[in-house]
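The model is a predicted one.

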Amino acid sequence: MAVKGLGEVDQKYDGSKLRVGILHARWNAKIISALVEGAIQRLKSFGLLEENIIVESIPGSFELPYGTKLFVDKQKKLGKPLDAVIPIGVLIKGSTMHFEYICDSVTHQLMKLNFELNLPVIFGVLTCLTDEQAEARAGLIEGKMHNHGEDWGAAAVEMALKFQV
Ligand code: RBF
């Protein structure tokens, strides 16, 4: 058994009434698309209906925090509030300091959004040193690692339901 990773989910959650949003960046499209697909499949495994998984995109990871806020606010205004949101981005280190600044600010702001929106905001951002690290974490390298998008789907369901009374 792998040491790292989410492990088994501690209960069989019924996600059939949940609405979950996925907001993904378009940078590193091939990796993003595998992660988004992993998250969707995992959400469906908890019984989420296709129409209750809402997928939108924004340009890059820097846009994720504010985009997430706009996305959540819009769904609320439409009278279809989300129970959790999964911002997904893939940041890969280049030759300048861009990576460090975006990773740091995006991570902090996504964490803060949990409290500001009073909603589970999952951390669906890969911060990798190489393309290969990112591909492995999206399950794109045979026999290496699992698709982390699946973990994010499971985390969204657990966080939406665990403390409901
Ligand atoms: N966005 C990502 O989602 N992943 C990246 O790896 C990434 N690298 C970038 C590198 C540079 C040099 C620049 C200028 C932008 C990068 N972006 C990346 C896009 C960024 O998140 C944002 O969309 C743009 O800066 C527009 O605000």
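**Nonpolar cores**

The largest nonpolar core holds 32 residues. I22, L35, L43, L48, I86, I88 and V157 have the most contacts inside it. Five elements are listed as giving two or more residues to this core: β1 (20-25), α1 (29-45), β3 (84-92), β4 (124-128) and α5 (148-161). The largest share, eight residues, comes from α1.

Beyond its neighbours within four places in sequence, L48 is in contact with G15, S16, L18, V20, L43, I53 and V157. A second, separate core has 20 residues, including V85, L91, I102 and L110.

**Salt bridges**

The structure holds five salt bridges.

| Pair | N to O distance |
|---|---|
| K69 and D73 | 3.0 Å |
| E132 and K144 | 3.8 Å |
| E158 and K162 | 2.8 Å |

K69 and D73 both lie in helix α2 (residues 64-77). They are four residues apart, so about one helical turn separates them. K69 is partly exposed, at 31% relative accessible area. D73 is also partly exposed, at 24%.

E132 and K144 link distant parts of the chain, 12 residues apart. E132 sits in helix α4 (residues 131-137), while K144 is in the loop between α4 and α5. E132 is partly exposed, with a relative accessible area of 47%. K144 is exposed, at 52%.

In the remaining tabulated pair, is E158 buried or exposed? E158 is buried, because its relative accessible area of 19% falls under the 20% cut-off. Its partner K162 is partly exposed, at 27%.

Technical notes. Residues numbered from 1 in each chain as written. Predicted model: local features only at pLDDT ≥ 70, side-chain atom pairs only at ≥ 80, totals over all residues. Heavy atoms only, no water. Core = buried A, V, L, I, M, F, W, Y, C linked by side-chain atoms within 4.5 Å. Buried < 20%, exposed > 50% of the residue type's maximum accessible area, 1.4 Å probe, protein only. Contact = heavy atoms within 4.5 Å. Salt bridge = Lys/Arg side-chain N within 4 Å of Asp/Glu carboxyl O.
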